[in-house]
Amino acid sequence: MAFYSGKDGRLEIDGKNAAKVRKWSLQSSSQSLETTTLGDLDKTAIYGVRRITGTCNLFYYADNPNDKSTNSASALLNKVIKQASNGQADESEPVNLKFIVDDGTPTKKFVAGECLITSASMQMSVGEVFSANISFEFVGAPTEVNL
């Protein structure tokens, strides 16, 4: 049995491999809906609404500073932070994210789907690399799953 570590993980943004991902996390949660009725001796429940959320931390990195398509931190931030025009900014855009664990098989393990960026922050400190923290939420169910 093999163990996997950060070197086995990848993130794709809109079908392109993200450059310099520091870490990502994915959480799935579900509400439970109580179905207990009068006369029951034990509580019963069914699954309710599912929700998939997560975070990722990306370094600002570009082989070519003039080509913003290779800077994955910038690509995600530009989906949510928009410049004002006539006092209003454009609506934030959804993004397709694919979270991959390279398990050595041709198909790999992954979860993919359309996501909304729910939070974005940037950090720059002395002695640290400029990076961005992104929080997201899946829109509906994942479009692809292979776990």
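Analyst: Strands (E, at least two residues) and helices (H or I, at least four) are DSSP runs, numbered from the N terminus. The model is a predicted one, in which local features need pLDDT of at least 70 and side-chain atom pairs count only at pLDDT 80 or more, whereas totals for chains, interfaces and linings use all residues. Residues are numbered from 1 along each chain as its sequence is written, and side-chain values use heavy atoms, with hydrogens and water left out.

User: How do I read a pocket, and which strand supplies the largest share of the lining of the largest pocket?

Analyst: Rolling a probe the size of a water molecule over the atoms shows where empty space is left. A pocket is an open set of points on a 1 Å grid over the protein atoms alone, where a 1.4 Å probe fits and protein lies on both sides within 12 Å along at least five of seven lines, and lining residues have an atom within 4 Å of a point. The volume is the space filled by probe spheres set on the points, which are joined across faces, edges and corners. Here the largest pocket holds about 260 Å³ of space, and its lining consists of 14 residues, with Gly6, Gly9, Arg10, Val21 and Trp24 nearest its centre. Strand 1 and strand 3 (21–34) each supply at least two residues of that lining, and strand 3, with 4 residues, has the largest share.

User: Which residues of helix 1 are buried, and what do they pack against?

Analyst: The buried residues of helix 1 are Ser72, Ala73, Ser74, Leu76, Leu77 and Lys79. They pack against strand 1, strand 4, strand 7, strand 8 and strand 9.

User: How should I judge an aromatic pair, and how many aromatic pairs are there?

Analyst: Rings of Phe, Tyr and Trp (its six-membered ring) pair if their centres lie within 6.5 Å, and planes under 30 degrees apart count as stacked, over 60 as edge-to-face and the rest as tilted. By this rule the count is 5 aromatic pairs. Tyr60 and Phe130 are stacked, because their ring centres are 4.2 Å apart and their planes stand at 10°. Tyr60 lies in the loop between strand 4 and helix 1 and Phe130 in the loop between strand 8 and strand 9, so the pair ties together parts that are 70 residues apart in sequence. Tyr60 is partly exposed, at 23% relative accessibility, and Phe130 is also partly exposed, at 26%. Phe99 and Phe138 form a tilted pair, since their ring centres are 6.5 Å apart and their planes stand at 35°. Because Phe99 lies in strand 7 and Phe138 in strand 9, this pair joins parts that are 39 residues apart in sequence, and both residues are buried. Phe99 and Phe138 belong to one aromatic cluster with Trp24 and Phe136.

User: Where does Asn86 lie, and is Asn86 buried or exposed?

Analyst: Asn86 lies in the loop between strand 5 (84–85) and strand 6 (88–89). Asn86 counts as exposed because its relative accessible area is 82%, and its phi is positive, at about 60°, although Asn86 is not a glycine. Asp14 likewise has a positive phi, near 50°, and is a residue other than glycine. Asp14 is placed in the loop between strand 1 (9–13) and strand 2 (16–17), and is partly exposed, with a relative accessible area of 35%.

User: Which residues is Ala112 in contact with, leaving aside its neighbours within four places in sequence?

Analyst: Those residues are Leu97, Lys98, Phe138, Pro142, Thr143 and Glu144. Ala112 is found in strand 8 and counts as buried, at 4% relative accessibility. The C-alpha atoms of Ala112 and Glu144 are 5.1 Å apart in space, although the two residues are 32 residues apart in sequence.

Note on methods. Buried < 20%, exposed > 50% of the residue type's maximum accessible area, 1.4 Å probe, protein only. Contact = heavy atoms within 4.5 Å.
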